[in-house]
Amino acid sequence: QSSLPRALQDKYVLTRRIGTGVCGEVRLAFERSTCRKFAVKIINKKNFQSEGTATRNAETEIEILQRVDHPCLIKTEDFYQTEDSYYIVLELMEGGELFHRVKSQQQLDEGVAKLYFYQMLCAVQYLHRNGIIHRDLKPENVLLSSSEDECLIKVTDFNQSRILEEAALMRTLCGTPSYLAPEVFTHASSTGYGLAVDAWSLGVLLFVCLSGYAPFHESFGERSVTEQIIHGEFTMVPSKWRRVSNQAKDVVRKLLVVDPKLRMTVDEALQHPWLQDQPMLQTAHRLMKPAGRGDEDDEDDAPSAAVSTEAEPSSAGSLN
Ligand SMILES: CCC/C(=N\NC(=N)N)c1ccc(NC(=O)c2cc3cc(OC)ccc3[nH]2)cc1
């Protein structure tokens, strides 16, 4: 157990491990002064020291976490570091990882999957509107606020995220072009298509929530997972998809499209008929309101379908 920063120990009591990741662990913590519960994500730098990019990534991640402000994106409370680890204090998501929820329930009820998927779309739409690609969307990186089916979700783990630096691309293009690869000039590397990688991952996430199993898996046929992905070959096992609506399947099929130019975007997904579901939108907006405003009479802010996909409420503010 590497020694915890003194300042962290003065303010919080760290207790049991509640989550593990490739880059460290998550511990349950109590703020001494208030006894409020938090999650502390410990990211050890040495794991990646070899790549040398860890520090860069972690600093980018911290920068993103401190800049973004959306009800479905994890918020940092505090940040500490020692020479070998980062300690990030986060709001505690009592429901844990979506991964475990889907695993324990085999597959989610379609209405629950729709509520979670809508919130993920809102979170990723916010990131994309702010020029951020997540690049690592998966059930382990979607957290649930409670053990209730109807709960708020938050996207986390911006370790792979990239801030789309159009300026960087411009600087590159100012240099001598002779050594630049073709794709730097083609559309593939600019804002447009970079964002599409998150739409694909959201398609995989929705597939897993609706069916309880992964669309690309080594057990399907003799092709490798990579081959299946490259060819967009996913398998809808009848017994798992029988009770899933055609509209839900349509969303999955339009996201798991190999050509990023033809893939449905996050904005288009938010307009898909499957998500034009007033009761679900009302629930989602009640959950996404800042704490305490959920119980006021809603008639003045009853979200209409069109409103629901507009920019986030003013409280979300913009990236500073
Ligand atoms: C800046 C930290 C972002 C991050 N990961 N970043 C990274 N891996 N580079 C990250 C990764 C995982 C988590 N996980 C949690 O907060 C969490 C809460 C929780 C509660 C649980 O039961 C009550 C069980 C698992 C949990 N994970 C929070 C943040």
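Biologist: Which helices do the buried residues of helix 12 pack against?

Modeller: They pack against helix 5 (110–129), helix 9 (196–211) and helix 11 (238–241), where contact means heavy atoms within 4.5 Å, and where helices (H or I, at least four residues) and strands (E, at least two) are DSSP runs numbered from the N terminus. This is a predicted model, in which local features need pLDDT of at least 70 and side-chain atom pairs count only at pLDDT 80 or more, while totals for chains, interfaces and linings use all residues. Residues are numbered from 1 along each chain as its sequence is written, and side-chain values use heavy atoms, with hydrogens and water left out.

Biologist: Which residues of helix 12 are buried, and what puts them on the same side of the helix?

Modeller: In helix 12 (residues 246–255), the buried ones are Ala 248, Lys 249, Val 251, Val 252 and Leu 255, buried meaning under 20% relative accessible area with a 1.4 Å probe and protein chains only. They cover an arc of only 155° around the axis, so they lie on the same side of helix 12; that arc is taken from the directions from the helix axis to the C-beta atoms.

Biologist: What makes strand 2 a partner of both strand 1 and strand 3?

Modeller: Two strands pair if DSSP finds at least two bridges between them, and strand 1 (residues 12–21) and strand 2 are joined by seven, in the antiparallel sense, with Thr 20 opposite Glu 25. Strand 2 and strand 3 (residues 37–44) also pair in the antiparallel sense over seven bridges, with Leu 28 partnered by Ala 39. Both pairs therefore meet the cut-off.

Biologist: Why are strand 6 and strand 9 called edge strands?

Modeller: In the open sheet of three strands, the order is 6-8-9 with antiparallel pairing. Strand 6 (96–97) and strand 9 (153–155) each have a single partner strand, so one side of each is left without a neighbour in the sheet. Strand 6 pairs with strand 8 (residues 142–144) over two bridges, and Glu 97 stands opposite Leu 143 there.

How values were computed: Buried means under 20% relative accessible area, exposed over 50%, partly exposed in between (1.4 Å probe, protein chains only).
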